[in-house]
Amino acid sequence: MVDTNELLSLDELEAAGNIRTGRKHVLSILVENKPGVLTRVSGLFTRRGFNIETLSVGPTDDERISRITLTLDGAAHPIDQVVKQLHKLVNVLKIKDLEPTETVARELALFKVSVDGQTRSEVRELAEVFRGKVVDVGRRSIIVEVTGERSKIEAFERLVRPYGLVEMIRTGEVAIARGREET
Amino acid sequence: MRAVDALMKCLKAEGVDVVFGYPGGANLPTYDAFVDAGIHHVLVRHEAGGGHAAEGYAKATGKVGVAFGTSGPGATNLVTPIMDAMMDSVPVVFFTGQVRTELLGTDGFQEADTIGITMPAVKHSFLITDPRELPRVIHEAFHVARTGRPGPVVIDLPMDLSKADIPYEPVTDVHLPGYQPRTTGNAKQIKQAARALASARRPVIYAGGGIVAAEAADELRALVRAGGFPVTCTLMGLGAYPAPDELWLGMLGMHGTRAANYAMDEADLICAVGARFDDRITGKLSEFAPRAKFIHIDVDPAEISKNVPAHIPIVGDAKQILGRLAEEYRGLDADHDRLDAWWQRIHAWQQRHPLHYEPGDGHEIKPQRVIQAIHEVTAGEAIVCSDVGQHQMWAAQYYDFPAPRRWINSGGLGTMGFGLPAAIGAQLGDPERTTVVVTGDGSIQMNIQELATIKQENLPIKVICLNNGYLGMVRQWQELFWQERYSQVDTNTFGGEEASPDFVKLADAYGIRGVRLTDAATLEADLRAVIEADGPAFVDVRVTRDEKVYPMIAPGEAARDMVG
């Protein structure tokens, strides 16, 4: 007979996994720097129906390894499933789901805004408030570079849109963990 | 030496004794190397046949299958077997030829982006860019294909690099920092699972193809018998538990037994091992096993909680985990009587709803009876390779598989045309065992050219075609769910002057003995005569035309609402 202490009430068991967190997730992924690796990662997302919000790729201090930083909506996807699928790719070395409070995330955006003699200085002032840089000035347009978290970039976009936003280009977020530990 | 000669050395080092393939322009160097390699190369008649043959070999032996094709169309013809191997977790290494590196990306003759085309269908793939990498890559490919959750690996080899001179040194280790499959299950989780099993009053063991891949049938049997648990297998898992048996509920899922599906429906604890809660198992997901908690054991962490959230997940090798789990369970000394009421309920289902079919009138041959006759003639000991359709389900239902690696079919992808070439691989992998293809008049014509391969290799494969002159499964769905609006399902292969092809003549043209069976009265004797004769044979069995596969979970319905 089973000792009553050994018995387990099945009712108490909780299901794990497949949970939608409802927040934005930043995944920092170290991959082997080999041809086709980005295709494997992006192909996996398409195939499994995961929607990438932003994605950026760059070298690391080790030339054999690249870093992919991507942001995903945790309301739309079970992040643990995304991470487990990514881990199945042989070229993926390490994945970190960065804690928002423990992470510094930055994105760079270039805004081309149409201006005339009067509005040019207004846009320049806005850029200053956002610690943006005016990187090009023409007779009918001005290019502003803004760096920051996504909310800051989006706030700047809202402000300059009424002037006539000709073009905007964003890099997608890159992120690094705070403190001494490696990302 | 040439890279292709090193390739042959690597294959031998991996213990490869037979490969399947088709030569062409871009893999001429490889085929030149085969001349002196001393490896049995089976010349198939279509690259897909080679790919499926390699799968059949892998499924029958547990070893890595190997298939070769040239660039372009050779590679695209391999896409179906690659995807098939992916869906059913079959370890196969595919070698594709590629155009010369200087032509890559220029739309050269017979150029296709093989790596790109196959990317969503492979466990991993390699494009060779430096011929010196080839030996290491081959061993890495075999390692990835066979370990963890097995699967297909593609090696794409440009022609110029395959001819290049390289220094060859045997590779004794592989180094894949991003690939470390977990093999040992978490001890605490295993303990927890044992306690859950000991506490359950309505448990079911749900075993899948992972048991076969992990060679864990003995451990599964030990656990099931230790607890007196009801056990059911998926289509891919048939043979993982020896059938028939008093603890065996039969297959579960869309065409599984009522006892198995009802038991899942009413279970309080389901222990899934090497299974992935496919839609053909669960039916309507929201109504699947509504009262159950789930133990999920799988070597692939991504399978756990993918479709059904697990309460006790255990990642690792099923053989190791089941062994430990049985031991832990025995240690708990649980009370067997607690399952009495559960077994009474199951026995009632079994008695009320056995698998059954209406016997035919007079000489009419019922397809289910053909499967039973094959079982009888082969004493249940054959390897049965199946195609896809009604005949596949009848074979799964009516041939009780006593051991793993006897039932070889395309479960996940459902590839028509799989059975005949798979049998070539299976027969070569297990030469002494009677190998039977159960097929239909639709499926067989998708790779019928492989009869020539069977003849050339002189393999004693018996092809048994359940000919009802219909694409029967599609017809069944049109009858049941599309108001009998039959659309493009009559294959015109059944009787009459105009029947085409005449399978007996066709077999004869290939130099294979063809037999037509139309009389139920002599069915067993006729089949025995064919199966026990030497050499290959093709049997065209004229079966009841409109027979349906029952029971059935209708698409999108719950298991408890099975029909038929």
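Begin by selecting both chains at the place where they meet: the contact takes 31 residues from chain B and 26 residues from chain A, two residues being in contact if their C-beta atoms, placed from the backbone, lie within 7 Å. This is a predicted model, in which local features need pLDDT of at least 70 and side-chain atom pairs count only at pLDDT 80 or more, while totals for chains, interfaces and linings use all residues. To find what is named here, note that residues are numbered from 1 along each chain as its sequence is written, and that chains are lettered from A and ligands numbered from 1 in the order in which they are written.

On the side of chain B that touches chain A, colour helix H9 (187-199) and strand S12 (312-315) of chain B, the elements that give two or more residues to it; helices (H or I, at least four residues) and strands (E, at least two) are DSSP runs, numbered from the N terminus. The most comes from H9(B), with 4 residues. By residue class, this side of chain B divides into 20 nonpolar, 5 polar and 6 charged residues, where Ala, Val, Leu, Ile, Met, Phe, Trp, Tyr, Cys and Pro count as nonpolar, Asp, Glu, Lys and Arg as charged, and the others, Gly among them, as polar.

**Chain A**

Along the principal axes, the C-alpha atoms of chain A fill a box of roughly 90 × 40 × 35 Å. Buried residues make up 25% of the 183 residues in chain A, a residue being buried if 20 or more other C-beta atoms lie within 10 Å of its own, exposed if 12 or fewer, and partly exposed in between, with C-beta atoms placed from the backbone.

Within chain A, select strand S7 (residues 141-148), which pairs with strand S5 (residues 103-114) in the antiparallel sense over 8 bridges; two strands pair if DSSP finds at least two bridges between them. In that pairing A:Glu107 stands opposite A:Gly148. S7(A) also pairs in the antiparallel sense with strand S6 (residues 133-137) of chain A, over 4 bridges, and S6(A) and S7(A) form a hairpin with 3 residues between them. Here A:Lys133 stands opposite A:Glu145.

**Domains 1 and 3 of chain B**

Now move to chain B, whose assignment gives domain 1 (3-163), domain 2 (187-352) and domain 3 (367-542), the bounds coming from an automatic or database domain assignment. The C-alpha centres of domains 1 and 3 of chain B lie 29 Å apart, and 25 residues of domain 1 are in contact with 27 residues of domain 3. On the domain 1 side of this contact, H3(B) gives the most, with 11 residues.

Strand S4 (residues 92-98) and strand S6 (residues 152-158) of chain B pair over 7 bridges, with B:Val93 opposite B:Val153.

Centre the view on B:Val92, which lies in strand S4 of chain B and counts as buried with 33 C-beta neighbours inside 10 Å. Beyond its neighbours within four places in sequence, its contacts include B:Ala54, B:Ala85 and B:Pro152.

From B:Val92, go to B:Val377, 285 residues away along the chain and separated by 32 Å between C-alpha atoms. B:Val377 is among the buried residues of H16(B), a helix (residues 367-377) that is mostly covered, with 8 of its 11 residues buried. These buried residues pack against several elements of chain B, including helix H17 (390-398) and strand S15 (435-440). End at B:Ala379, which follows H16(B) and has a positive phi, near 55°.
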